[in-house]
Amino acid sequence: MEQSVVAQFAPLVLIMVVFYFLIMRPQQKKLKAHQAMLAALKVGDKVVLAAGFKGRVTKVGEQFFTVDIGQGAKIEVEVERNAIAAKAE
């Protein structure tokens with residue numbers, strides 16, 4: 001009887017393990033990489049904002065960054081850390 005209980009839960013456990021390795025683990029790695037990128041940003045770095053704007057970091061704060069998005073004109077916006085999607089080349 002105990003063997004049938006184990007056999008019933010084996011597929012469920014297998015699905016959970018596959019779910020962890022295919023979905024949760026890659027998402028955690030991506031989040032850690034993004035947090036490391038944000039921690040390494042400094043004044044002068046080029047960034048891409050989540051809204052699609054490209055700009056250059058002019059001021060680094062604890063919770064907010066000031067980013068110059070103007071081309072030729074000085075247009076600075078203050079954005080939250082999570083609004084920075086990636087570092088531009």
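The structure is a predicted model, in which local features need pLDDT of at least 70, side-chain atom pairs count only at pLDDT 80 or more, and totals for chains, interfaces and linings use all residues. Residues are numbered from 1 along each chain as its sequence is written, and side-chain values use heavy atoms, with hydrogens and water left out.

**Exercise 1. Describe the overall form of the protein.**

Step 1. Begin with the surface: the protein exposes about 7,100 Å², of which carbon and sulfur atoms supply 62%.

Step 2. List the elements, where helices (H or I, at least four residues) and strands (E, at least two) are DSSP runs numbered from the N terminus. There are one helix and five strands, in the sequence pattern α-β-β-β-β-β.

Step 3. Consider the extent. The C-alpha trace spans about 75 × 20 × 20 Å along its principal axes. The radius of gyration, taken over C-alpha atoms, is 22 Å, whereas a compact globule of 89 residues would have one near 12 Å; the globule rule is 2.2 Å times the number of residues to the power 0.38.

Step 4. Consider burial, for which buried means under 20% relative accessible area, exposed over 50%, and partly exposed in between (1.4 Å probe, protein chains only). Of the 89 residues, 18% count as buried.

**Exercise 2. Determine whether Thr 66 is buried or exposed, and which residues it contacts.**

Step 1. Locate the residue: Thr 66 belongs to strand β3.

Step 2. Apply the cut-off. Thr 66 is buried because its relative accessible area is 11%.

Step 3. List the contacts, meaning heavy atoms within 4.5 Å. Leaving aside neighbours within four places in sequence, Thr 66 is in contact with Arg 56, Val 57, Thr 58, Lys 59, Glu 76, Val 77 and Glu 78.

**Exercise 3. Examine Ile 69 and Ile 75.**

Step 1. Ile 69 lies in the loop between β3 (64-68) and β4 (76-80), and Ile 75 is also placed in the loop between β3 and β4.

Step 2. Ile 69 has a relative accessible area of 26% and is therefore partly exposed. Ile 75, at 42%, is partly exposed.

Step 3. Not counting residues up to four places away in sequence, Ile 69 touches Leu 49, Phe 53, Lys 54, Gly 55, Ile 75 and Val 77. With its neighbours within four places left aside, Ile 75 is in contact with Val 67, Asp 68, Ile 69 and Gly 70.

Step 4. Compare sequence with space. Ile 75 and Gly 55 stand 20 residues apart in sequence and 9.6 Å apart in space, C-alpha to C-alpha.

Terms used: Accessible areas come from the Shrake-Rupley method with a 1.4 Å probe; for residues, only the protein chains shown count as cover.
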